[in-house]
Amino acid sequence: MNKIFQFMKRNYKILVLVTVLALALWSFIPKEKQSDPEKDKMLIELLTFVIEKGHYNPAKIDDTFSKGVYKDYLNALDPSKRFFLQSDIDEFAKYETQIDDEIINKDLTFFDLTYSRLMKRMDETKEYYKWALEKPFDYKKMESINTDYEKLPFAKSVNDLKERWRLQVKLSTLSSLVEKQKLEEDLIKDKNKTTEEKLKEFRENQGENLTPEAEKKFLSDLEKKKNQAPKTFEQLEKETRESTLNSLNDNFSFIKDLDREDWFSIYVNAIASRFDPHTSYFGPSEKEKFDVSMSGKLEGIGARLQKKNDFTEITELISGGPAWRGKQLESGDIVLKVAQADGEPVDVVGMRLDDVVKKIKGPKGTQVRLTVKKTDGTIKVISIIRDEVEIEETYVKSSVVEKDGFKYGIIYLPKFYIDFEDQNSRDAGKDVAIEVERLKEEGVQGIVMDVRDNGGGSLKTVVDIAGLFIDQGPIVQIKSAAGKKEVLYDRDAKVQWDGPLVVMINEFSASASEILAAAIQDYKRGVIIGSKQSYGKGTVQNVIDLNQFVRGSTYGDLGALKTTTQKFYRINGGSTQLEGVKSDVAIPDRYAYLKMGEKDIDNAMPWDKIDAADYKVWDKQNNFDLAISKSKERMSNNAQLNLIDDNAKWLDERNKENIYSLNIDKFKAEQKALDEKNKKYKPIVDYKNAFQFNSLPYEVAQMKADPVLKEKRERWHESLSKDIYIEEAIHILNDLQSENNKGLTTKVKKEKMVKS
């Protein structure tokens with residue numbers, strides 16, 4: 001199986017324990033009525049066999065490996081140390097160096113012990129938070145809580161654990177209480193204002209987003225609040241305890257849905273991820289989700305669901321999908337029953353969300369009937385014919401903007417998507433080529449390729465996309481475990497876009513994004529701007545179907561393994577592993593000082609270098625170095641960017657603060673000090689550049705018939721208008737313009753002035 005792709009796990013506030021096992025909690029084997037230990041043993045044997053035979057550099061399964069699995073697994077089970085007692089950990093400790101032996105001997109003793117103990121502790125824990133929320137907290141008491149869970153020891157006794165829960169729950173309710181008090185204070189202040197004054201403030205705050213409907217709702221809400229008496233401290237305090245109780249009950253309801261197989265998957269992934277951070281196990285349902293993520297499409301009704309207590313609620317209809325086209329299903333509807341075509345309806349109340357989703361999804365052209373409770377309380381049966389659903393957020397989109405008489409294109413690519421099973425399906429390479437042509441038809445004189453937050457995807461598509469901007473030549477080098485080197489080329493001599501180019505990256509641009517940025521940088525084809533460096537993932541993974549190794553199995557679908565099989569290298573020979581791609585123009589950002597890259601993961605693969613490929617630097621951009629120099633000069637004098645850098649340093653400092661007072665007066669004082677400090681950084685949020693971003697003509701026509709798409713594009717354009725990084729990218733495109741272009745634009749301007 002040779003389906004090469006890149007895939008990154010990301011989190012905006014990454015702790016090591018979460019980074020290492022980010023996928024573990026969600027990689028579940030499908031639920032069965034009874035667990036089968038023999039299947040579990042076979043799965044571990046199969047996984048370790050496939051990894052050891054196919055991994056680029058498999059770790060030795062020894063005591064050191066065992067210690068890593070032990071640490072990661074317990075961190076995944078109890079990251080905030082609110083379930084296990086120290087006595088449990090003492091009992092587990094003897095297995096710290098025995099997991100390697102258990103893997104070899106297909107022994108599940110350690111897993112069985114931890115699983116049964118966790119279930120017992122979770123049952124006990126439900127009583128702790130309920131006990132803590134039974135009566136009002138004493139918010140005048142001088143006490144505090146330390147939220148540095150990584151350094152926190154496990155509780156020594158049940159009483160210690162109950163106290164830990166009490167403090168955590170108190171922090172949650174205190175935070176809500178203070179916020180509710182602020183709202184009440186605002187309500188009292190509002191009562192002294194006239195309706196006209198309030199409406200004026202509302203209009204000013206809404207700005208361009210103001211609609212007649214929003215104004216009408218605002219006035220309606222004002223009328224409701226007119227005779228509303230301020231709530232007392234006692235009422236607010238009680239409300240916070242009730243809402244916290246409901247929230248915790250919801251969390252434990254989710255946990256209740258997980259069975260032994262789900263928890264076993266966490267153990268399996270603790271083993272897999274010790275080979276490297278990007279090796280992981282996909283249970284059957286998770287493999288399906290991954291395929292959807294890679295292709296951006298699925299077969300079903302096109303609705304997003306969420307669990308609310310025992311009920312499944314429709315949260316969003318995917319634009320263009322069958323549910324959206326049918327106009328009967330709505331956000332807020334509660335799904336009570338699901339029936340297949342003419343089959344008997346199945347009650348899904350209390351059913352786990354994954355199982356409800358499986359019943360609603362199905363092959364294109366088949367029928368599903370949903371019995372739903374509408375928001376007005378009525379019960380309705382809605383029949384929907386399933387179809388292929390494209391998840392629009394996955395796909396590339398573009399916009400146009402003007403500066404100094406020049407028109408520029410912005411192409412945003414959220415991931416390098418592809419459908420491995422259907423070569424005729426859309427993929428990122430084809431779609432970016434189409435967007436480039438559309439932008440050319442609009443007469444753009446420069447393009448920004450935005451791959452910020454793009455975690456990677458198909459290697460084939462990144463080669464295709466890089467090839468749009470260069471003559472034929474190498475794009476990336478790949479080395480296998482055996483040392484064999486392969487160079488992937490763009491063999492098409494056509495250059496689809498030979499004008500000014502800027503590629504935008506940040507610390508969450510990974511894998512395929514880094515290949516694109518590195519190739520453009522090595523060819524000196526465009527200017528790379530963004531964070532100091534990209535994520536730093538320089539490895540290639542294969543997804544291997546585990547079922548192919550077990551013929552005639554009675555265990556059902558065994559899922560798949562994603563394992564690292566190769567490393568990729570820039571055409572200059574350097575690896576992007578750990579080091580990422582360093583921007584030509586590094587722009588300060590809010591996360592600059594936080595640890596969140598590949599280099600911050602303890603078992604990441606090392607950086608190395610191979611020989612450079614044979615390539616020729618692009619020589620058609622005469623003012624390349626000048627544009628970079630001008631950009632750096634602009635940034636050094638930019639007060640907004642200096643403020644962002646100052647904010648990043650402050651966020652890093654705040655990230656190290658873990659002690660919170662649980663005395664209401666001290667807590668309020670601390671929050672007030674933070675609010676005052678935050679006022680300094682308010683201009684970052686309020687910033688607005690001078691540009692107007694617009695959709696291309698084809699999309700404008702689509703938006704007339706699709707209000708959901710229209711709303712999404714308006715939100716995107718609004719975010720671009722507040723984006724200082726996009727602004728700088730446009731300035732760089734302007735600086736990259738040739739003198740001939742600039743002279744031509746000046747001439748056109750003068751002609752327009754004469755005609756007017």
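# A tour around helix 6

Select Phe-110 to begin: at 0% relative accessibility it counts as buried (under 20% relative accessible area; over 50% is exposed, in between partly exposed, with a 1.4 Å probe and protein chains only). The model is predicted, so local features need pLDDT of at least 70 and side-chain atom pairs pLDDT 80 or more, while totals for chains, interfaces and linings use all residues. Residues are numbered from 1 along each chain as its sequence is written, and side-chain values use heavy atoms, without hydrogens and water.

Stop 1: Tyr-95 and Phe-110 form a tilted aromatic pair, 5.5 Å centre to centre with 35 degrees between the planes. Rings of Phe, Tyr and Trp (its six-membered ring) pair if their centres lie within 6.5 Å; planes under 30 degrees apart are stacked, over 60 edge-to-face, and the rest tilted. Tyr-95 sits in the loop between helix 4 and helix 5 (99–104) and Phe-110 in helix 6, so the pair ties together parts 15 residues apart in sequence. Helices here are DSSP runs (H or I, at least four residues), as are strands (E, at least two), numbered from the N terminus. Ring pairs also link both residues into a cluster that includes Tyr-70, Phe-92 and Tyr-267.

**Stop 2: helix 6 and helix 11.** Select residues 109–132 and 260–272; the axes of these two helices come within 11 Å and cross at roughly 125 degrees. Axes are lines fitted to C-alpha atoms, for helices over the stretch in contact, and angles run from 0 to 180 degrees between N-to-C directions. Helix 6 and helix 11 are therefore oblique to each other (angles under 35 degrees are roughly parallel, over 145 roughly antiparallel, 65 to 115 roughly perpendicular, the rest oblique). Among the residues that meet are Phe-110 and Tyr-115 in helix 6, and Trp-263 and Phe-264 in helix 11; contact means heavy atoms within 4.5 Å.

**Stop 3: helix 6 and helix 10.** Now select residues 233–257, helix 10, which packs against helix 6 at about 175 degrees with the axes 11 Å apart. The two are therefore roughly antiparallel. Their contact includes Met-122 and Tyr-129 of helix 6, and Leu-248 and Phe-252 of helix 10.

**Stop 4: Phe-252.** Phe-252 is buried, with a relative accessible area of 8%.
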